[in-house]
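Please look over the sequence and the structure shown here before reading the notes that follow. They are grouped by topic.

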Amino acid sequence: LAFTASMSSYWDLDAKIEYNWQDEMPWLVENTIFEDSYGLVDASIRLQSTDDIFEIEVYGQNLTDKLYTVDQIPFIGDSFARFGAPRSYGVRLTRRF
């Protein structure tokens, strides 16, 4: 879901909310280890100059702080997992030359 508005002749405002769904899936070809279904929510609000030189953005990723696996590797009867990034948020300032 995205929204864009002109704030003035110099500034535009963009707001965005994203929801990504991953259904249950097997990690190994033997279908012995599964990742449960999960959803991730990201959002951002950005103020950008109409000449595309300046930008400020406030963002958040994985806002529900969902613990999910991005990789699983079998190893001697067990498996090692790599997890996705936890909740993160911040501010980005950009100046283009």
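**Briefing on a predicted model**

Leu 40 is found in strand S5, which spans residues 38–49; strands are DSSP runs of E with at least two residues, numbered from the N terminus. This is a predicted model, in which local features need pLDDT of at least 70 and side-chain atom pairs count only at pLDDT 80 or more, while totals for chains, interfaces and linings use all residues. Residues are numbered from 1 along each chain as its sequence is written, and side-chain values use heavy atoms, with hydrogens and water left out.

**Surroundings of Leu 40**

- Leu 40 has a relative accessible area of 15% and is therefore buried, a term that means under 20%, with exposed standing for over 50% and partly exposed for values in between (1.4 Å probe, protein chains only).
- Leaving aside residues up to four places away in sequence, Leu 40 touches Glu 18, Tyr 19, Asn 20, Asn 62, Lys 66 and Tyr 68, where contact means heavy atoms within 4.5 Å.
- The C-alpha atoms of Leu 40 and Tyr 19 are separated by 5.6 Å, although these residues are 21 residues apart along the chain.

**Aromatic pairs**

- The count comes to two aromatic pairs, under a rule by which rings of Phe, Tyr and Trp (its six-membered ring) pair if their centres lie within 6.5 Å, with planes under 30 degrees apart counted as stacked, over 60 as edge-to-face and the rest as tilted.
- Tyr 38 and Tyr 68 form a stacked pair, at 4.9 Å centre to centre and with 25° between the planes.
- Because Tyr 38 lies in strand S5 and Tyr 68 in the loop between strand S6 (54–61) and strand S7 (69–75), this pair ties together parts that are 30 residues apart in sequence.
- Both Tyr 38 and Tyr 68 are buried.
- The rings of Phe 75 and Phe 80 have their centres 5.3 Å apart and their planes at 55°, so this pair is tilted.
- Phe 75 counts as partly exposed at 45% relative accessibility, whereas Phe 80, with a relative accessible area of 52%, is exposed.

**Charges over rings**

- The charged end of Arg 92 sits over the ring of Tyr 59, 3.9 Å from its centre; this term requires NZ of Lys or CZ of Arg to be within 6 Å of the ring centre and within 35 degrees of the ring normal.
- The charged end of Arg 95 sits over the ring of Phe 97, 4.5 Å from its centre.

**The loop residue Tyr 10**

- Tyr 10 lies in the loop between strand S1 (2–6) and strand S2 (11–22).
- With a relative accessible area of 60%, Tyr 10 is exposed.

Key:
Helices (H or I, at least four residues) and strands (E, at least two) are DSSP runs, numbered from the N terminus.
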